Amino acid sequence: MLERVRGIICYSMYKMSNIKSKITHLIEHKMFEKFMFINILGYALFKISYRPLGDIFQSFIVLGFLLFLFCNFKKAIKDKAFICLFLSILLTCLSWINSTFQIPHLAKDSPNIGILADLFFFIFIAYWLKGNIKKVRTLWLFYAIGVFLTALIHSNDILADIMNGIAGQRIDFNYVNANHLSALAGTILLGSSYYIYALNGIKNKILITLFILLPSLFITIVSQGRQVWLAVLIASILTPIIVAIISKKVNIKSISIILAVVISSIYLASHIPTIEKRIHKESNIVPLILSGDVDNIPYSSMGIRMHFWSESIPWIKNNPLLGTGEGTRNFVIKESNNLPNKIKSKYTHLHNGHIELIISYGLLGVALFLYIYTLIMYSSTFYKKNNEVLIISTMFILFFAIINCFESFLFFKTGEYMINIIFGGIYTFYLTHNLSMKDNNE
């Protein structure tokens, strides 16, 4: 009897090994890698422009990565970002458990583990990019096209939107709200500006300017997202300085040229009527904000944010370590005794991704994402040819950190899309290096 059981076990192990061998051969085949790359490009094109199609491409990416996990789980489980994925799921569950004790009358019936885990889809993308800079650039190009497609497909009348935007109206192209498409276009504006500066060949510079930079600049202006304008400005100024410090290569000439272009652009932009009017729209409440007199701040766009953030302080103090789960950003508003009913009925989030991270998942959530941002910056140095990936990484993290001070992109599909595509293109170099090192050691 014992010999029979042993034989069954041995035979099962042999069959499993045979299956793993066949799947490994499949996923390492060049045609399969090309198929997965096509799905990544499809995800970039359609995830937000036409989601039903984008979800199909995303499902194939997930399936392909699951096949990789089936054959290489021991290697994958040691990856730092993959460990963070599991920690995000654990943190989501712990925060939910804490909510059942701290706010039992408001707690959700179950934790939504996807709220944080979905932000780690970049690992799946990073694996199939295989550390190939041409694939990364192509992915980011398709990201730009996908954003432009979103404006085109979602708009009720694209020509009317363009003309109204030129006339000074704020345009959202019928996608979520104006701030979302503005944020997407802002990342393209930054990236295309870098590539115009860095790439050789006047033809390439002209093509990028005409078909990528100018459309993204137009969307960024007419969508009138002030937080995006601020983020583009700060990222443009700080990126060359931070990159020079990290790479220990200070090029005074390059930094001077970049800063001169930025200052000139600020001067020219400030004389565009649409921008000038938008910037000065709520200048009258700035003294009230600076004085800390929250009670007397009117419920304007900026004022509402100040009131929301003030209402968040007690929630942070009560649950600083774990927070109280994903619904907290809504509870802060609905349970407030200070906010007027018309505001409570209209808004469901706090317009600050960083504050929402703290109240929902506590300081542990903040620590997790600070680590991820640091890991992505570190990963960018694994592209050794030049500072291209380091520059893109620095620009995006600065940009994303700033826009999340005024909107909740971290917890919207827009932010998830941005993170997964940009981070995927950066993390691929570190992930590919680590996996190849493990293969050599074995």
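1. Start with the lining of the second largest cavity: Phe-65, Phe-68, Ala-76, Asp-79, Phe-82, Ile-123, Tyr-127, Leu-431 and Leu-435. A cavity here is a set of points, on a 1 Å grid over the protein atoms alone, where a 1.4 Å probe fits but cannot get out, and lining residues have an atom within 4 Å of a point. Eight of these residues are nonpolar, none is polar and one is charged. For those classes, Ala, Val, Leu, Ile, Met, Phe, Trp, Tyr, Cys and Pro count as nonpolar, Asp, Glu, Lys and Arg as charged, and the others, Gly among them, as polar.

2. A word on the model: it is predicted, with local features needing pLDDT of at least 70 and side-chain atom pairs pLDDT 80 or more, while totals for chains, interfaces and linings use all residues. Numbering runs from 1 along each chain as its sequence is written, and side-chain values use heavy atoms, leaving out hydrogens and water.

3. Back to that cavity: its volume is about 40 Å³, meaning the space filled by probe spheres set on grid points joined across faces, edges and corners. α3 (51-76), α6 (122-129) and α20 (413-441) each give at least two lining residues, and α3 gives the most, with three. Helices are DSSP runs (H or I, at least four residues), numbered from the N terminus.

4. Of its 15 lining residues, Trp-96, Lys-108, Thr-324, Gly-325 and Glu-326 lie nearest the centre. The classes here are six nonpolar, seven polar and two charged. Helix α4 (residues 80-102) has the largest share of this lining, three residues.

5. Now for a pocket (an open set with protein on both sides within 12 Å along at least five of seven lines). α7 (133-154), α9 (178-198), α10 and α19 (388-403) each give two or more residues, and α7 gives the most, with seven. By class, the lining has 16 nonpolar, five polar and two charged residues.

6. One more thing on α10 (residues 202-222): Leu-207 sits in this helix. Leu-207 counts as partly exposed because its relative accessibility is 39%, and that class lies between buried (under 20%) and exposed (over 50%), with a 1.4 Å probe and protein chains only.
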